[in-house]
Amino acid sequence: MLKKLLTFIFMTLSFSHAQAFAAEVLKLDEADIVVASRTDSARSSALKEALASVFLKNSGSPSVVMNPMVKAQIANPEALLIQYGYSQVNEDLVFKASFDHQGVINILRQANLPVWGAQRPLTLLWVTMAENNDTVILSDSSQNPLRNDFATESSNKGIPVLLPLMDLDDLMAVTPTDVKGMFINPVNIASSRYQADYFAMVDIGESPDKVRFQLALYNKSHSGALLQPIIMQQGEAVDVTAATKRIVTLLADYYISQYAIASSGNNLETSVSFTGVASMKQVVEIEKYLKQLSAVKEVAVSQLSKETITYKLGLFSSVEDLQRLLSIDTRLSQIDAMGDANSYLTPQSNGNTSLIYEWKNQ
């Protein structure tokens with residue numbers, strides 16, 4: 001049996017009034033591998049494949065498994081192994097392994113490789129395809145195999161994605177022609193009801209010998225003249241599955257460049273204040289949130305007064321990298337010293353930067 005990764009999480013979310021934002025990708029320390037048997041040799045091979053998958057999910061870059069330090073650890077997976085077991089999923093025997101998450105992160109840091117935290121941007125996908133001699137938009141409830149292809153690829157690469165409901169509101173707002181023709185205005189307006197960080201238009205067209213695809217990715221926080229495609233790519237593939245892999249890889253490459261943080265080797269610090277903090281529960285939530293950010297090395301409370309708490313943060317990288325990570329969580333709204341929301345705070349003359357955010361209850 002050809003071993004393959006099973007999907008560890010599919011972030012296609014169905015909702016009408018529920019709020020969503022940057023998704024927290026779970027099970028970054030786990031991997032499920034289809035195996036042929038429970039033999040020692042099959043288990044040994046699956047352990048290595050599972051650990052390679054965990055390194056990939058925590059860094060994002062496929063080249064991470066070629067790093068000498070990572071390769072050496074993959075050759076000795078038992079050193080990081082927490083537990084393993086087997087389960088039967090339909091006709092497949094599945095080997096599940098979990099590893100020491102902090103140990104994985106430490107190796108990535110020691111190798112000076114990027115680390116991608118659990119908080120990741122959520123992408124709304126508008127996908128057109130041929131179905132029953134017609135062109136349709138792939139919906140969250142679709143039974144088309146293409147939905148499963150996107151589920152598998154987005155899950156394997158740790159890219160949270162969302163498909164539109166294609167209910168009456170969507171049908172009235174967006175036509176397949178809008179997506180196929182990459183007409184931004186109707187798609188942008190229709191995307192506003194979904195609490196995603198980015199949206200993408202994807203067209204997939206099949207012919208007897210090849211599949212053509214087109215992708216355009218946009219940042220939802222931009223508007224007007226700023227609403228320009230971050231990615232505009234066309235390509236060909238041998239089949240729909242290969243096209244889906246290429247599309248999700250393009251998305252992953254961009255997000256990795258923005259949100260996966262490698263250590264700069266410098267001792268950088270900054271202060272971040274949060275207003276609207278009225279309970280100890282919120283303090284615990286904020287500290288837990290800061291510690292899982294891939295740009296943050298150390299967290300310490302430096303000041304607490306009324307409903308404002310200030311942290312001194314040691315950083316692996318720049319303040320700008322930290323701000324990008326903070327910007328994808330809608331629990332936060334950046335404010336300046338005058339109380340203006342979402343304004344950019346310029347660095348102080350001593351090289352330090354003071355950031356202030358409102359922490360919103362959700």
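Does threonine 270 count as buried or exposed, and at what relative accessibility? At 3% relative accessibility, threonine 270 counts as buried, where buried means under 20% relative accessible area, exposed over 50% and partly exposed in between, with a 1.4 Å probe and protein chains only. This is a predicted model, in which local features need pLDDT of at least 70 and side-chain atom pairs count only at pLDDT 80 or more, while totals for chains, interfaces and linings use all residues. Residues are numbered from 1 along each chain as its sequence is written, and side-chain values use heavy atoms, with hydrogens and water left out.

**Overall make-up**

- The protein contains 10 helices and 16 strands; helices (H or I, at least four residues) and strands (E, at least two) are DSSP runs, numbered from the N terminus.
- Of the 362 residues in the protein, 49% are buried.
- Among contacts with a separation of 6 or more, 66% are between residues 24 or more positions apart; contact means heavy atoms within 4.5 Å.

- An open sheet is formed by 3 strands in the order 2-4-3, with antiparallel pairing; two strands pair if DSSP finds at least two bridges between them.
- Strand 2 (30-35) and strand 3 (81-89) stand at the edges with a single partner strand each, so one side of each is left without a neighbour in the sheet.
- From one strand to the next, the twist averages 25°; axes are lines fitted to C-alpha atoms, for helices over the stretch in contact, and angles run from 0 to 180 degrees between N-to-C directions.
- Strand 3 and strand 4 (residues 92-99) are joined by 8 bridges in the antiparallel sense, and leucine 81 has phenylalanine 99 in strand 4 as its bridge partner.
- Helix 1 (residues 40-59) lies across strand 2, strand 3 and strand 4, and runs at about 140° to strand 2.

- Strand 9 (residues 198-206) pairs with strand 10 in the antiparallel sense over 9 bridges, and the two form a hairpin with 4 residues between them.
- Strand 10 (residues 211-219) is mostly covered, with 8 of its 9 residues buried.
- On its other pairing, strand 10 runs antiparallel to strand 11 (residues 231-237) and is joined to it by 7 bridges; leucine 215 stands opposite glutamine 233 in strand 11.

- Threonine 270 belongs to strand 12 (residues 268-275), and its C-alpha atom is separated by 8.0 Å from that of leucine 355, 85 residues apart along the chain.
- Strand 13 and strand 14 (residues 308-315) pair in the antiparallel sense over 8 bridges, with leucine 304 opposite isoleucine 309 in strand 14.

- The lining consists of 24 residues, of which His101, Gln102, Ile105, Lys291 and Gln292 lie nearest the centre of the pocket. On a 1 Å grid over the protein atoms alone, a pocket is an open set of points where a 1.4 Å probe fits, with protein on both sides within 12 Å along at least five of seven lines, and lining residues have an atom within 4 Å of a point.
- The largest share of this lining, 5 residues, comes from helix 3.
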